[in-house]
Amino acid sequence: MIFIELFLTFFVIGLFTIGGGYAMLSLIQTQVVTIHNWIDENTFTDIVAISQMTPGPIGINSATYIGYTVLADTGAPQILCILASFTTSLAVVLPSFLIVLTICKMYQRFSENTIFEGMMSGLKPAVTGLIGASALLLITPENFPDWKSWVLFVSAFAASWIWKLNPIFMIIAGGILGFILY
């Protein structure tokens with residue numbers, strides 16, 4: 001039964017999330033912490049931190065780790081925990097796969113259509129809002145950023161917005177500055 005709940009929950013998350021893993025985090029948090037109470041807020045924050053450090057998309061990494069954790073917390077055997085990880089990972093990826101497959105098949109037919117172009121343009125602000133909501137959800141009293149983090153954030157934002165600096169350069173510079181400041 002828990003496998004079906006996990007699959008349906010993460011399938012719906014994958015189906016209604018546009019904009020990638022960071023946009024997905026607010027929906028994941030609402031479902032697994034608030035609605036289903038599978039994990040607590042601190043565990044969710046830890047999962048997000050671990051998911052950021054591991055290779056791969058954060059949404060899929062979070063789904064994988066949450067699937068494992070939900071079963072591990074019940075004392076289930078490790079093989080069932082791994083199966084739950086596979087279930088949540090598949091469920092979160094499957095809608096995107098099916099949608100992209102459908103879009104690829106239909107894109108040539110609608111690429112010149114103004115309604116289609118308008119819909120694609122309308123998704124940009126929605127994605128930005130979902131990513132912003134995820135950022136706000138992660139700011140809790142336990143991990144509220146200090147002034148150094150805000151300075152790094154504002155500097156990176158200004159560098160990307162005003163000077164259009166290369167993101168790889170900004171990541172390297174942020175790592176060096178973070179090492180120096182902390």
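Visitor: Leaving aside neighbours within four places in sequence, which residues is Gln29 in contact with?
Guide: This is a predicted model, where local features need pLDDT of at least 70, side-chain atom pairs count only at pLDDT 80 or more, and totals for chains, interfaces and linings use all residues. Residues are numbered from 1 along each chain as its sequence is written, and side-chain values use heavy atoms, with hydrogens and water left out. Contact means heavy atoms within 4.5 Å. With neighbours within four places in sequence set aside, Gln29 is in contact with Thr34, Glu41, Phe44 and Leu137.

Visitor: Is Gln29 buried or exposed?
Guide: Gln29 lies in helix H2 (helices are DSSP runs of H or I, at least four residues, and strands are runs of E, at least two, numbered from the N terminus). The cut-offs are under 20% relative accessible area for buried, over 50% for exposed, and partly exposed in between, with a 1.4 Å probe and protein chains only. Gln29 has 7%, so it's buried.

Visitor: Which residues have the most contacts inside the largest nonpolar core?
Guide: A nonpolar core here is a set of buried Ala, Val, Leu, Ile, Met, Phe, Trp, Tyr and Cys residues joined through side-chain atoms within 4.5 Å. The largest one has 24 residues, and those with the most contacts inside it are Leu6, Phe10, Ile28, Val32, Ile39, Phe44 and Ile66.

Visitor: Which elements give two or more residues to this core?
Guide: In soluble globular proteins, nonpolar side chains tend to be buried together. Here the elements giving two or more residues to the core are helices H1 (2-16), H2 (21-35), H3 (41-53), H4 (58-72) and H5 (78-110).

Visitor: What does Phe10 touch, not counting residues up to four places away in sequence?
Guide: Phe10 is among the residues with the most contacts inside that core. Setting aside residues up to four places away in sequence, Phe10 touches Ile28, Val32, Ala63, Ile66, Thr88, Ala91 and Val92.

Visitor: How many disulfides does the count come to?
Guide: A disulfide is a pair of cysteine sulfur atoms within 2.5 Å. Cys81 counts as buried at 1% relative accessibility, and Cys104 as exposed at 56%. By the sulfur rule, the count comes to zero.

Visitor: Where is Asn37, and is it buried or exposed?
Guide: Asn37 has a phi near 55°, a positive value in a residue other than glycine. Asn37 lies in the loop between H2 and H3. At 57% relative accessibility, Asn37 counts as exposed.
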